[in-house]
Amino acid sequence: MHGLIMERELLITDILQHARRNHPDVEIVSETVGGGRHRHTYADAFERTCRLAHALDRLGAKRGDRVGTLAWNTHRHFELYFATAGGGTVCHTINPRLFPDQLVYIVNHAEDRWLFLDTSFVGLAESLAPRLPSIEAYVILCDRDDMPDTSLPNALCYEELLAAEPDDYDWPALDERTASGLCYTSGTTGHPKGVLYTHRGIVLHAMAFAWPDSNDLSMRDAIMPVVPMFHVNAWGSPFAAPMHGAKLVLPGPRMLDGHVLQSLINDEGVTIAMGVPTIWMALMQHLRDKGGDIKPMNRVIIGGSACPVALMDAFRAYGVQVRHAWGMTEMSPLGIINTPRPEFADWPEKRQRAMDAKTGHGFFGVQMKIVDDDDNELPWDGEAVGALKVRGPWVCRAYYRGEGGDDAHDDNGWFNTGDVASIDEYGFVQITDRNKDMIKSGGEWIGSIELENIAVGCEGVAEAAAIAVEHPKWGERPLLVVRREDDAQVDEATLLAWYEDKVPHWWIPDAVEFVDEIPHTATGKISKLALRERFAGYRWKLREA
Ligand code: ADP
């Protein structure tokens with residue numbers, strides 16, 4: 001017998017409809033690409049989204065068409081998210097930091113019909129345009145006055161398109177399984193793989209985003225995603241903010257500028273911000289150099305790669321709580337977050353901090369398990385380490401057009417994340433490594449994340465990566481690659497001594513190499529692949545493991 005509850009589809013359109021009715025005056029503030037701050041409200045954004053939906057229709061958009069974006073975190077990108085999905089097309093956010101060949105690959109793979117781009121990406125688009133046959137027009141996100149001189153074929157002005165259209169729109173009643181967005185994983189090996197989001201997945205994710213033991217987002221908050229809208233929907237914040245009535249503060253192209261971040265936090269009363277560790281190290285460096293505070297900020301969500309304990313301590317000194325989080329493009333992206341269980345409150349400080357440093361716990365919607373090489377489930381005892389598998393209503397079930405990651409999904413609907421983890425008796429997960437980044441020494445695994453975390457806690461170390469390098473006796477041994485802070489003198493002996501008593505002796509790296517620059521991937525993470533290539537064939541000094 002079926003129950004008698006309405007079966008309303010879960011649609012992205014309803015998020016903005018809700019915001020303009022219930023939170024019409026709540027602001028979206030963005031740093032603009034041209035400089036200066038733009039501010040408008042959810043009511044304004046709704047009207048402009050209606051205009052944009054009409055403009056897409058006028059361009060000839062049909063259900064399911066892909067609309068590419070090459071854009072920073074701004075109000076216009078926000079409008080694109082909602083106008084595309086709401087009208088039944090798919091917002092394909094493109095990461096401009098990918099290599100040109102990868103960009104060409106994904107635009108052609110997605111068969112984008114239009115490319116909406118910020119003025120700062122016009123040069124990039126011009127260089128790619130001859131290789132992008134599916135693009136019918138390039139819509140530049142600016143006013144008529146700011147339209148650049150460009151060789152792009154069929155270049156249109158975004159504001160001109162909007163100005164010509166009415167500010168209400170008859171949003172279609174879509175099936176909630178309709179595709180809403182497309183984001184390619186940066187793919188350290190092989191081609192990038194497309195993750196195709198649905199209305200249903202995005203709405204459920206935006207609900208879970210706000211739960212108290214997730215990000216705890218409410219209408220009393222102002223949230224600043226310092227994670228790009230071109231990468232996993234800025235972790236879902238542009239959907240969660242209007243759903244929960246929170247003010248949305250968008251840093252535009254200046255995400256690595258500590259001064260801009262600090263002034264946005266203080267001027268706009270940002271209570272919660274999110275981003276990868278690199279971004280926050282830049283802010284902390286700025287605060288150390290220039291002074292001042294970040295008083296309104298109450299919590300920061302740090303994920304995308306492991307958050308060093310030193311960074312958590314630095315935030316704590318400013319009265320900001322760090323919530324460590326883990327996720328992936330394939331998971332929309334939230335999967336694990338760290339908030340303390342009530343019983344931890346009675347524990348000694350040191351033990352509490354050790355729990356904060358773990359990756360965190362699951363929450364409703366994401367099921368997790370760790371398995372051994374034969375897919376046997378391992379116990380949650382904090383000791384057993386295995387492949388982390390997940391499933392849930394915002395986890396991807398296959399890649400776009402069925403291409404890539406053939407063995408990622410098993411027959412029971414579990415997705416193999418490619419990460420390796422332990423889970424303790426409290427349900428707290430510790431991600432120890434990415435499968436391909438693990439270091440196998442004499443048949444035993446060494447966790448590179450822990451080695452890096454410890455290195456970054458040593459004075460004078462700005463950034464560190466532990467990579468596996470071939471070793472004649474042990475198969476592989478860890479090599480630590482370090483970028484020093486400006487003017488710091490820290491040397492190899494100091495660093496190696498720093499590991500004593502912090503890890504088993506055989507985990508201690510065999511050598512340290514100092515470099516001026518550590519390579520990063522398109523999503524701002526340390527590129528272990530590039531480092532492994534650079535140090536392939538490395539000649540070990542005589543020190544024994
Ligand atoms: P890409 O790295 O290709 O950009 P994602 O952004 O989807 O793809 O990255 C997901 C991966 O990032 C995870 O599988 C995991 O390896 C890593 N990651 C994310 N958050 C954390 C974290 N808190 N600790 C350790 N690793 C993390």
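**Model.** I'm working from a predicted model.

**Strand 17.** I started with residues 367-371, which make up strand 17. How many of its five residues are buried? I get four, so strand 17 is largely enclosed by the rest of the structure. Next I looked up its pairing with strand 18, residues 386-391. The two run antiparallel, and five bridges join them. I also checked Gln367, whose bridge partner in strand 18 is Arg391.

**Aromatic pairs.** I then searched the whole structure for aromatic pairs, and 18 came up. One I looked at is Tyr538 with Trp540: the ring centres are 5.2 Å apart. Stacked or edge-to-face? The planes sit at 85°, and anything over 60 degrees counts as edge-to-face, so that is what I call the Tyr538 and Trp540 pair. I looked up burial for both residues. Tyr538 has 13% relative accessibility, and the cut-off for buried is under 20%, so Tyr538 counts as buried. Trp540 has a relative accessible area of 17% and is buried too.

**Aromatic cluster.** Which residues go with Phe239 in one aromatic cluster? I noted Tyr42, Phe78, Tyr81 and Phe82.

**Charges over rings.** Last, I looked up charged side chains over Trp rings. Arg351 lies over the face of Trp347, and I have 3.5 Å to the ring centre. For Trp498, the residue over the ring is Lys502. Its charged end sits 3.6 Å from the centre of the Trp498 ring.

Notes
Residues are numbered from 1 along each chain as its sequence is written. This is a predicted model: local features need pLDDT of at least 70, side-chain atom pairs count only at pLDDT 80 or more; totals for chains, interfaces and linings use all residues. Side-chain values use heavy atoms; hydrogens and water are left out. Buried means under 20% relative accessible area, exposed over 50%, partly exposed in between (1.4 Å probe, protein chains only). Two strands pair if DSSP finds at least two bridges between them. Rings of Phe, Tyr and Trp (its six-membered ring) pair if their centres lie within 6.5 Å; planes under 30 degrees apart count as stacked, over 60 as edge-to-face and the rest as tilted. A charge sits over a ring if NZ of Lys or CZ of Arg is within 6 Å of the ring centre and within 35 degrees of the ring normal.
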